[in-house]
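Biologist: I've got a model open and I'd like to learn how to read it. Could you take me through some features, one at a time?

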2 protein chains.
Amino acid sequence: MMSLPQSIKIVEVSPRDGLQNESQVIAVNDKVQLINDLRTAGVKHIEVTGFVSPKWVPQLADAQEVARQLAPDEDVVYSALTPNMKGFEAAMDSGIKEVAVFTAASETFNQKNINCSIEESFERFAPILEQAKQQNIKVRGYVSCVLGCPYEGDIDSEQVAAVSEKLFAMGCYEISLGDTIGVGTPLKAQRMFAQVAKRIPTNSLAVHFHDTYGQALANILACIQEGARIIDASVAGLGGCPYAPGASGNVSTEDVVYMLHGMDIKTGIDLDKLITAGQNISKVLGRSVNSKVANACRSSS
Amino acid sequence: MMSLPQSIKIVEVSPRDGLQNESQVIAVNDKVQLINDLRTAGVKHIEVTGFVSPKWVPQLADAQEVARQLAPDEDVVYSALTPNMKGFEAAMDSGIKEVAVFTAASETFNQKNINCSIEESFERFAPILEQAKQQNIKVRGYVSCVLGCPYEGDIDSEQVAAVSEKLFAMGCYEISLGDTIGVGTPLKAQRMFAQVAKRIPTNSLAVHFHDTYGQALANILACIQEGARIIDASVAGLGGCPYAPGASGNVSTEDVVYMLHGMDIKTGIDLDKLITAGQNISKVLGRSVNSKVANACRSSS
């Protein structure tokens with residue numbers, strides 16, 4: 001029988017990763033409502049926005065306003081993506097206490113996505129990590145394309161491990177391993193996780209799966225069996241990958257929580273309230289909820 | 001690292017289980033085309049129809065006609081559901097070489113679904129199994145509600161094991177364990193499978209998951225790790241459960257095959273041709289394909 005942990009940390013990425021590719025710009029109030037709905041559901045780690053160029057991501061042009069309206073809550077960690085020092089400083093000015101940086105395990109993806117090599121991305125992060133250390137700010141590191149790249153195809157797990165180790169050595173307290181295009185399957189996911197776990201303690205590793213090929217929950221299960229204890233997810237399955245048009249995006253938090261609770265793994269989250277959070281933001285976006293659990297629970301009640 | 005088999009047997013249930021709840025009656029030609037598309041894709045086990053009362057399942061009123069039009073193929077097993085002796089005899093008259101019977105692990109579900117107790121269902125099957133033995137016809141046994149019942153809630157795995165053991169003792173060569181309402185999660189699925197496997201060899205056990213709560217692939221993975229080597233699936237995710245309106249039905253064969261091939265497990269199936277089979281029947285039904293793999297593969301190509 002599989003060996004499972006007693007609890008799992010969920011990192012909710014919908015307000016940033018989930019919304020950033022939406023062409024319809026969402027009002028600040030609606031974003032804050034989403035964040036508050038997630039808090040009400042018991043979510044303790046929420047990536048609330050990104051301090052990025054509004055030219056590149058118009059949806060996040062309101063980062064400072066969103067940050068300003070966050071309800072004070074000592075039990076909740078509000079984090080924000082900060083790709084460069086300018087973003088980091090803006091985040092600090094807005095009272096953000098945890099930030100995130102991102103790179104990829106694929107050179108080509110990095111060039112196309114953030115217009116620099118993997119090595120250059122580390123150089124960009126260096127001053128952020130230095131400043132963060134001085135100000136006692138935690139930094140999370142995202143690694144994209146850990147199981148495949150839209151340009152390069154398969155990605156060597158050794159490359160994923162090397163990039164992750166570098167971020168960890170630079171001071172990132174948590175590394176999120178992202179299957180950005182959702183092509184991974186359970187055995188590959190488990191092997192990749194194990195490879196990275198040779199270099200970094202598993203309690204500093206998160207898994208971030210997209211459900212483009214329907215494999216996300218199976219991949220998460222495989223990684224949990226290998227020691228993963230931190231899972232990124234997005235309520236209502238918000239967030240698409242621009243490189244897989246028409247395909248679904250992040251694994252929905254509702255589906256993850258249903259699976260974990262069904263295995264007696266604690267998350268601290270109230271599934272019913274989480275479903276409400278997903279319904280509310282989906283209504284704002286004018287679309288149906290992209291979560292099988294949400295749809296099944298609501299249709300049967 | 002998880003231990004996995006070299007190959008898995010896929011039992012395709014779309015022509016019967018997938019279509020039976022469709023209100024729009026599909027033409028015989030379209031059903032035969034589906035079966036031929038599946039054969040072309042390399043599927044070796046296909047449940048092609050059911051010899052049931054047309055009053056109860058109008059969609060399957062054409063069972064004899066479908067059976068008559070099956071292309072002779074020594075490599076493919078065409079099976080049919082036969083709930084009683086009348087159906088069995090009709091199946092034999094139509095040249096069917098493998099049949100299936102069904103019961104449930106829930107008394108209430110059986111009463112509502114087939115209007116008899118579990119014990120009475122065995123009595124109904126007895127003459128079928130006797131005749132089948134004499135005629136050298138293989139019989140498959142379905143057990144519904146193995147992880148939950150819409151009326152009784154949780155189902156004791158010991159009950160599932162007892163019902164399965166009885167069917168096996170009566171002569172069923174393969175028992176398909178069905179999570180009819182899709183509520184199961186991986187640890188429960190694995191424990192249930194292990195409980196049944198104490199009584200019946202794993203190579204005589206199939207798993208049959210519905211993806212209503214998005215858990216099907218994770219559940220399949222958990223059961224494979226416990227020794228499951230036979231998986232029921234339905235191309236394009238055809239088939240809903242009438243007790244979970246609006247929710248999705250059978251796990252899609254495309255998603256299962258993608259996961260298995262990604263783990264280097266052979267199925268003998270050509271994924272691309274399988275996707276074509278799903279697209280063709282979905283077109284007949286006038287709906288989009290209910291398979292993330294199918295949608296992702298076709299949108300990216």
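Modeller: Happy to, and keep in mind that this is a predicted model. Let's start with a charged pair: A:Glu165 and A:Arg199 make a salt bridge, with their closest N and O atoms 2.4 Å apart.

Biologist: What does the pair of A:Glu165 and A:Arg199 tie together?

Modeller: The general idea is that side chains of opposite charge can pair when their charged atoms come close. Here, A:Glu165 belongs to helix H7 (residues 157-170) of chain A, while A:Arg199 lies in the loop between helix H8 (186-197) and E7 of chain A, so the bridge links parts that are 34 residues apart in sequence. A:Glu165 is partly exposed at 32% relative accessibility, and A:Arg199 is partly exposed too, at 29%.

Biologist: How should I read two partners in one helix?

Modeller: An α-helix has 3.6 residues a turn, so residues three or four places apart point the same way. In this model, B:Glu65 and B:Arg68 both sit in helix H3 of chain B, three residues apart, or about one turn of the helix. B:Glu65 counts as partly exposed at 29%, whereas B:Arg68 is exposed at 61%. Bridges can also share partners: A:Lys9, A:Arg140, A:Glu174 and A:Asp232 are joined into one network that way.

Biologist: And how many salt bridges cross the interface of chain B and chain A?

Modeller: Two are found there. In one salt bridge, the side chains of B:Lys292 and A:Asp211 meet at 2.8 Å, N to O. B:Lys292 is partly exposed, with 24% relative accessibility, but A:Asp211 is buried at 13%.

Biologist: How do I judge the interface itself?

Modeller: The size of an interface is often given as the accessible area lost when the parts come together. For chain B and chain A that is about 3100 Å², with carbon and sulfur atoms giving 62% of it. On the chain B side, B:Met1, B:Tyr213 and B:Lys292 lose the most area to chain A, together 22% of what that side buries. The contact takes 38 residues from chain B and 37 residues from chain A.

Biologist: By what turn can chain B be laid on chain A?

Modeller: A turn of 180° with a shift of 0.0 Å along the axis does it, at an RMSD of 0.0 Å. That is the relation of a two-fold axis. In chain B, the C-alpha nearest the axis belongs to B:Ala218, 2.0 Å from it. The same surface serves both copies, with 97% of the contact residues of chain B recurring in chain A.

Biologist: What about rings? How many aromatic pairs are there over all chains?

Modeller: Four. A pair of aromatic rings is described by the distance of the centres and the angle of the planes. For A:Tyr213 and B:Tyr258 the centres are 4.9 Å apart and the planes at 20°, so the pair is stacked. A:Tyr213 lies in the loop between strand E7 (205-209) and helix H9 (216-225) of chain A, and B:Tyr258 in helix H10 (residues 253-262) of chain B, so this pair joins two chains.

Biologist: Is A:Tyr213 buried or exposed?

Modeller: Buried, at 11% relative accessible area. B:Tyr258 counts as buried as well, at 15%. Then look at A:Tyr258 and B:Tyr213: they are stacked, 4.9 Å centre to centre with 20° between the planes, and both are buried.

How values were computed
Residues numbered from 1 in each chain as written. Chains lettered and ligands numbered in written order. Predicted model: local features only at pLDDT ≥ 70, side-chain atom pairs only at ≥ 80, totals over all residues. Heavy atoms only, no water. Least-squares fit on C-alpha atoms with pLDDT ≥ 70 in both. Contact = heavy atoms within 4.5 Å. Phe/Tyr/Trp six-rings, centres within 6.5 Å; stacked < 30°, edge-to-face > 60°. Helix = DSSP H or I, 4+ residues; strand = E, 2+ residues; numbered from the N terminus. Buried < 20%, exposed > 50% of the residue type's maximum accessible area, 1.4 Å probe, protein only. Buried area = accessible area lost by both parts, 1.4 Å probe. Salt bridge = Lys/Arg side-chain N within 4 Å of Asp/Glu carboxyl O.
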